[in-house]
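Hi,

Here's the structure I promised to pass on.

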Amino acid sequence: MSLLEVKDLVVEFSGRQGQVRALDGISFCIEHGEILGVVGESGAGKSLTGAAIIGLLDAPGRITSGEITLEGERIDRLPESQLRRIRGKRIGAIFQDPIAALDPLYRIGEQLIETIRTHLPLSREEARTRAIALLEETGIAAAEQRIDHYPHQFSGGMRQRVVIALALAAEPQLVIADEPTTALDVSIQAQIIGLLKRICRERKAAVMLITHDMGVIAETCDRVAVLYAGRIIEIGPVGEVIHRPAHPYTAGLMASIPDLDADLERLAQIDGAMPRLDAIPSGCAFHPRCSKAQERCRHERPTLGSVGKTRAACWFPNNTAAT
Amino acid sequence: MSAELVRVEGLSKRFDLSPSWLSRMVSGSPAQVLRAVDEVSFSIPRGTTLALVGESGCGKSTIARLLVGLQTPSAGRVLFDGADVHQTLRERRAPAQRLRQRVQMIFQDPYASLDPRWTVADIVAEPLLEQGLASPGAEAQGRVAELLAAVGLAGADGARFPHQFSGGQRQRISIARALATAPDFLVCDEPTSALDVSVQAQVLNLMRDLQRARGLTYLFISHNLAVVRYVSDSVGVLYLGRLVEWAPRARLFKQPRHPYTRMLLDAIPKLNDPGRSRNPVQGEVPNPLAPPSGCAFHPRCPHAKERCRQERPQLLDKDGARVACHAVEEGRLP
């Protein structure tokens, strides 16, 4: 059984102009200990997918159909009190901005101890010992002194280490990391990604890594799901998706990334922009920007199907010879 | 006409962050001075792009603001076409106006840099009217339509408001506005950092086309070395307000010399070798209010020796590049 299974997830927002569908039939699973990357441009729905899984969708957004199961147990319809027991205990979360994730009025030790004692039957002393061990493990020097410092006394990179310690405090089976390195400098990004990967592998925790950075995905993940306009348009092993993308959008996205190792005469570009949620094109949502689009793409919505070693939602995928 | 359009000599900018005089007297807290930019020199040949890279706090945005005259230097000067920019802006009315036309800036955040209550046509026309380059009415409208077409927008877009556009389109509007006065020199401060990659590619391609068509000179500020490799002719690497390496693009990416440049290049995740494990350099950028002694990079540098802790390295020529590193100077590093 997969650790996490998301089936036909639909998230809608209702407003004055009526209903807007932000996630439209998302299905994927995460195996025990696996690192799944979720990539896409702004507005594709990657953060919403993470928020829906941990039950942190902001009103007026809500799950209108589909199901989410954690080890076979439905978690999308749980009352808040039960959800709170899963969040932190079985699913940890790391967000982009470490300053927003920590309470500025409490020493980081108090925040760690509170989290640990909420989920694990430990005394204050035991929880403190555990918190210090966690901070040491995340690479915070002099953890015994640092545990009594306030968040503002840490630099951005150090704060993100504290947030990782916090997310892993109750030994969750799954960690949802939403753009964990985007707010950090490049030299710090490498440290944090390395830490996240090592610490989750050691604990056999699975990770859902949400990011817009394909380089981070390439280095970290086992599989990757590419989102476009609230749908998964391609999902498969990282090496395959990056080097042999089946969906024209994935191919265009990969080609538009400037290359650090080569002098390029011109970047490939995808003209236009991601559609607004209230104006998603009919058929394949990507068809107005797609150079391979044909009549069928305008009317019929493609579903995920096997193309070589990946699965893509496209009527005319690349390297069709491999199917 | 000399080949050099912009020349920066010994440019420094210090910000006084001291507490007020009274609280210094009462609590005895010391004066604090932030050296945001510290004796930086470079030049940019006409029609080329110099990229400045570095992490937060390295002074790259302050340099951009100094170059366009939004800040005045604490020491050193900026020469534009041979004339001192800050002296011109201070003293001479007509040349100052001409200078403002010839130097323009593009900012990072296209959501903050456009007035939400103005139509796009008004935004683009403002510099034309302000500088007296077009008379209101048909002439200005015609110029606006040309500018919008030059950045790939439709003439009808002029009647719309900024919120009706996506981030990439807004950055096109910023570029159209910057081009309105027919400048020679554009200072671009992280112009694509707020954009998605596919949109970033559109904007970078547009900037390259405009440079070729109009012979523009760019100062391009970025933290993304892959973007820098695509846009630049030469590259300056900044660390804590100082230039630590300068080199022509091909040389910098083929043979980075300064340990900090090497570290930056190594820190970037690569698409081509999945699962690569690296040894990221330890430590973070130090507090710029209390920079380390000697070479500011020494606490993070694997090649640091006693001399690096004590003596600040000078920027020295090395095979057509310039590097400020004792290890390189002594031949300990290639």
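Below is what turned up, taking the chain contact, then a sheet, then a helix pair.

This is a predicted model, so local features need pLDDT of at least 70 and side-chain atom pairs count only at pLDDT 80 or more, while totals for chains, interfaces and linings use all residues. Residues are numbered from 1 along each chain as its sequence is written, with chains lettered from A and ligands numbered from 1 in the order in which they are written.

The contact between the chains uses 37 residues of chain A and 34 of chain B (in contact means C-beta atoms, placed from the backbone, within 7 Å). On the chain B side, H8(B) gives the largest share, 7 residues. That side has 18 nonpolar, 9 polar and 7 charged residues (Ala, Val, Leu, Ile, Met, Phe, Trp, Tyr, Cys and Pro count as nonpolar, Asp, Glu, Lys and Arg as charged, the others, Gly among them, as polar).

Chain B also has an open antiparallel sheet of 4 strands, ordered S2-S1-S4-S5. Strands are DSSP E runs of at least two residues and helices H or I runs of at least four, numbered from the N terminus; two strands pair if DSSP finds at least two bridges between them. S2 (33-45) and S5 (83-84) of chain B are the edges. S4(B) (75-80) is joined to S5(B) by 2 bridges, and Phe80(B) sits opposite Ala83(B).

Over in chain A, the axes of H4(A) (108-119) and H5(A) (124-137) come within 9 Å and cross at roughly 115° (axes are lines fitted to C-alpha atoms over the stretch in contact, with angles from 0 to 180 degrees between N-to-C directions). Their contact includes Leu112(A) and Ala131(A).

Cheers

Definitions and conventions. Contact = placed C-beta atoms within 7 Å.
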